[in-house]
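Please look over the sequence and the model below before reading on. The text then goes through a few places in turn.

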Amino acid sequence: MSKARRILIVEDEVMISDALRAYLENAGFEVFAAFDGEAGLSMFEELSPDLIVLDLMLPKISGERLCQEIRRASRVPVVMLTAKSAEGDKIAGFSMGADDYVTKPFSPRELLARIQSILRRCGDGISPLYSRMSWNDGDLEVNFETREIKRRGAPVNLTPNEFKILSSLVKYPQKIFTREELISIALGDDFDGFDRTIDSHIKNLRGKIEDDTANPRYIITVRGVGYRFEAASGRSE
Ligand code: CA
């Protein structure tokens, strides 16, 4: 059985948030609510949600700023929720990295349909916001549409599990993944191998994408915890 998808609602109007939470929970999602931008940011970092519903007009950190902060760290889908309905605001929302935009007053049913369609598009959890990402001036390149990996322009063959692990790490570049999380996210909850199975996948993956596997540049070991992806030199298109 797969885990319920997590949705984070960042909305300061409690009545809207509560109604939305009930509606989404009823549709089978695991729902978390933050009531200002600051709480939204820390819950985003803590929970690694599968999708964020984000109000624009928020106390402490505005929805615009929050969306930009989130985009610096993650490709997680963002649906903006706002009373602003001018065309210019919509365009600004998309340029900040939102995946979709719903204007208030909205029907929860319409929002749910949009959420489901975005999550379907994302398939295994990878947002199609960028179709290609590369690091260190093209040293490593991941194409999420074709599922191709290249090193200095030359194709690299990854197994499906290796691709899932790499794309999960890339999706949340600042997050430290525990082995259990990588198993659950990349290999699925019904996987019955040992935690250390992840280590051997990581070892093989490093052999394919790192110059020096003893001194990795991309997949960094966080001692006693797990792994993270070093994305400082990243570009997306
Ligand atoms: Ca608001």
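The paragraphs below take up a loop residue, a metal site and a helix.

This is a predicted model, in which local features need pLDDT of at least 70 and side-chain atom pairs count only at pLDDT 80 or more, while totals for chains, interfaces and linings use all residues. Residues are numbered from 1 along each chain as its sequence is written, and side-chain values use heavy atoms, with hydrogens and water left out.

Begin with Glu-11, in the loop between β1 (6-10) and α1 (14-26); helices (H or I, at least four residues) and strands (E, at least two) are DSSP runs numbered from the N terminus. Glu-11 has 0% relative accessibility and so counts as buried (buried is under 20% relative accessible area, exposed over 50%, partly exposed in between, with a 1.4 Å probe and protein chains only). Its side chain makes a polar contact of 3.0 Å with that of Lys-104 (a pair of N or O atoms within 3.5 Å; within protein, one must be able to donate a hydrogen and the other to accept it, and residues adjacent in sequence count only if both atoms are side-chain atoms).

The calcium ion has the protein donors Asp-12 (OD), Asp-55 (OD) and Met-57 (O), 2.1 to 2.3 Å from it. Donors are N, O and S atoms within 2.8 Å of the metal (3.2 Å for Na, K and Ca); water is not among the atoms, so sites may look incomplete. Asp-55 is buried at 2% relative accessible area, whereas Met-57, at 54%, is exposed.

In α1, the buried residues are Ser-17, Leu-20 and Leu-24. They cover an arc of only 70° around the axis, so they lie on the same side of α1 (the arc is that of the directions from the helix axis to the C-beta atoms). The exposed residues Met-15 and Asn-26 are on the face turned away from the buried side. After α1 comes Gly-28, with a positive phi near 100°.
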